[in-house]
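Q: Can you walk me through the aromatic rings in this one? Keep it short, please.

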Amino acid sequence: HPCLLKFVGYSPIDFKKQPKPVIVTEHFTNGSLSNILEIERIDKANFQVWNLTKKLINIYGIASAMSYLHSQGILHKSLKTSNIYLDEVLTPKIGDFGLSTRFDASESITVQSISGAKASPVYSAPEILLNNEFSKSSDVYAFAFVVFEIVSNEVPFADITNNNQIFKEVVVNQNRPILKESIPMSYRNLIKRCWSQNPSERPSFDEIVYLLKMDSGFICDNVDAGDYQKFIDFVESKIQQTTQQKIDEIEHIEEVLKDEQN
């Protein structure tokens with residue numbers, strides 16, 4: 001998927017020949033989404049390249065990449081702005097799959113099956129904070145906070161530094177960051193659904209991708225609809241190309257097996 005950071009290679013030793021595993025990925029030109037949002041907070045007036053079109057492109061790209069991961073049976077489990085990297089034209093590349101796990105038929109992973117893995121509390125769904133239970137829905141919850149940061153340029157729960165306070169705010173009080181009226185309705189509705197207290201009320205990433213493509217409310221003032229559609233077409237063409245390559249590989253293997261049997 002074009003919005004997933006490409007894996008290049010792995011080494012059991014580091015560059016100093018020490019027994020420390022190293023994962024090599026493609027280079028990301030513009031750092032993380034977290035860095036970009038921090039620059040915008042500091043100097044928004046002089047950071048015009050990070051405009052509403054780029055923001056919507058990032059939201060779509062992240063959702064599409066997560067939809068693809070889930071279709072391959074993979075949970076991310078650590079989705080956040082610091083794990084999303086930007087290339088030379090500020091399109092997203094999701095990386096850091098340190099917590100990623102294939103999910104089983106129940107579509108959830110409990111504390112017994114993840115051996116103590118922990119996600120960032122701010123992006124952690126109530127069921128993670130309460131029972132350490134990861135699912136496709138908990139990835140969607142994390143996505144809600146990523147979108148919130150992109151459209152509001154605010155740090156969620158910025159005044160809370162204690163993890164116990166996060167637990168009380170999210171699990172006990174069931175509170176979320178305030179969504180300002182200046183945020184367009186389509187974005188507010190999407191965020192609210194994605195960070196719902198009840199996992200069953202959160203949309204799937206397939207549904208999110210569909211909404212981002214079909215709901216004209218996301219094409220608000222100052223969004224270049226043409227550039228946004230070009231990005232959607234680019235992503236879809238890459239996915240179709242990958243799918244066709246897989247089909248061709250399977251057909252080739254089947255032909256080889258038939259020849260061997262004959």
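This is a predicted model: local features need pLDDT of at least 70, side-chain atom pairs count only at pLDDT 80 or more; totals for chains, interfaces and linings use all residues.

Q: OK, how many aromatic pairs?
A: The count comes to eleven aromatic pairs.

Q: Take tyrosine 123 and phenylalanine 145. Stacked or edge-to-face?
A: Edge-to-face, because the planes are at 65 degrees and the cut-off for that class is over 60. The ring centres are 6.5 Å apart.

Q: Where do those two sit in the chain?
A: Tyrosine 123 is in the loop between helix H3 (111-114) and helix H4 (126-131). Phenylalanine 145 is in helix H5 (residues 136-152).

Q: Buried or exposed?
A: Tyrosine 123 and phenylalanine 145 are both buried. For phenylalanine 145 the relative accessible area is 0%.

Q: And how does phenylalanine 145 pair with phenylalanine 157? What are the distance and angle?
A: Their centres are 6.0 Å apart and their planes are at 40 degrees, so this pair is tilted. Phenylalanine 157 lies in the loop between H5 and helix H6 (163-172), twelve residues from phenylalanine 145.

Q: Why is phenylalanine 157 called buried?
A: Because its relative accessible area is 9%, and buried means under 20%.

Q: Which residues make up the cluster linked by ring pairs?
A: Tyr123, Tyr141, Phe145, Phe148, Phe157 and Trp195.

Q: New topic. What lies over the face of phenylalanine 134?
A: Lysine 77 does, at 4.7 Å from the ring centre.

How values were computed: Residues are numbered from 1 along each chain as its sequence is written. Side-chain values use heavy atoms; hydrogens and water are left out. Rings of Phe, Tyr and Trp (its six-membered ring) pair if their centres lie within 6.5 Å; planes under 30 degrees apart count as stacked, over 60 as edge-to-face and the rest as tilted. Helices (H or I, at least four residues) and strands (E, at least two) are DSSP runs, numbered from the N terminus. Buried means under 20% relative accessible area, exposed over 50%, partly exposed in between (1.4 Å probe, protein chains only). A charge sits over a ring if NZ of Lys or CZ of Arg is within 6 Å of the ring centre and within 35 degrees of the ring normal.
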